[in-house]
Amino acid sequence: AGPMPAEVLDRLVALSESTCFVRGNADREVLAAYDGRYTDATDAADPAERAAAFAASKIDCAHRDLLVSFAERLVVEVEGVGQVLFCHGSPRSDEEIVTAATTEGRLREILAGVDQDFVVCGHTHAQFDRCVSAKRVVNAGSVGMPYQGKPVGAFWLLLGADGVSLRRSDYNLNRAVERIRATGYPDTEDVAQILLDPPDPEWVADFFEQQAAGD
């Protein structure tokens with residue numbers, strides 16, 4: 001649900017025929033918008049609805065069908081790591097909040113019933129690597145809108161024979177912001193602020209944990 005959804009989907013599809021995708025809440029919301037739930041990005045009160053409506057207006061039927069094909073959860077055998085469960089928010093929900101500050105008690109509850117000992121998630125846009133009991137939970141971070149603090153860049157995760165590696169790639173942020181502004185994306189300046197001056201990750205984790213607690 002970003003400013004260049006069609007370009008992003010086309011780029012990802014071009015990477016490899018063996019690429020697998022996991023659906024997040026924003027993907028689900030774009031699908032809902034495309035299928036008629038949101039009709040006008042400018043009229044939506046919720047920023048997430050505005051973003052979804054905008055993205056839905058920029059994709060075509062092939063993009064929509066690609067989004068439908070995304071898995072809610074995915075288990076992959078990774079060399080050097082073993083079986084890995086990939087999800088967006090948590091194994092239970094694409095909107096469940098898990099952060100570096102999530103209590104061990106709540107994390108155990110979230111992972112109860114999960115067969116795999118390694119879980120990769122996203123959703124909260126900040127990398128972390130945590131262990132609770134025999135299970136390990138790693139957030140891959142965010143390429144498009146990281147809540148990671150500085151230095152800024154695109155954050156991602158590499159798993160393989162060498163184990164687990166949290167990565168960051170530099171790119172021209174000012175040029176990216178210029179391109180985003182040119183798209184007409186709603187709330188562009190909020191996105192620009194996050195990219196050019198990202199929030200403190202500890203503050204973000206605390207904010208998300210308050211949301212998870214219902215405060």
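This is a predicted model: local features need pLDDT of at least 70, side-chain atom pairs count only at pLDDT 80 or more; totals for chains, interfaces and linings use all residues.

**A buried threonine and a strand**

Guide: Thr102 is buried, with a relative accessible area of 1%, where buried means under 20% relative accessible area with a 1.4 Å probe and protein chains only. Residues are numbered from 1 along each chain as its sequence is written, and side-chain values use heavy atoms, with hydrogens and water left out.

Visitor: Where is the place of Thr102?
Guide: Thr102 sits in the loop between β2 (82–86) and α5 (104–111), the helices (H or I, at least four residues) and strands (E, at least two) being DSSP runs numbered from the N terminus.

Visitor: And which polar contact joins its side chain to another?
Guide: The side chains of Thr102 and Glu209 are joined by a polar contact of 2.5 Å, meaning a pair of N or O atoms within 3.5 Å, where within protein one must be able to donate a hydrogen and the other to accept it, and residues adjacent in sequence count only if both atoms are side-chain atoms. A polar atom of the Thr102 side chain also lies 2.8 Å from the backbone nitrogen of Thr99.

Visitor: New topic: which way do the β3 residues point?
Guide: Phe118 and Val120 point one way from β3, Val119 and Cys121 point the other way, and all are buried. In a regular strand the side chains alternate between the two faces of the sheet.

Definitions and conventions
Buried means under 20% relative accessible area, exposed over 50%, partly exposed in between (1.4 Å probe, protein chains only).
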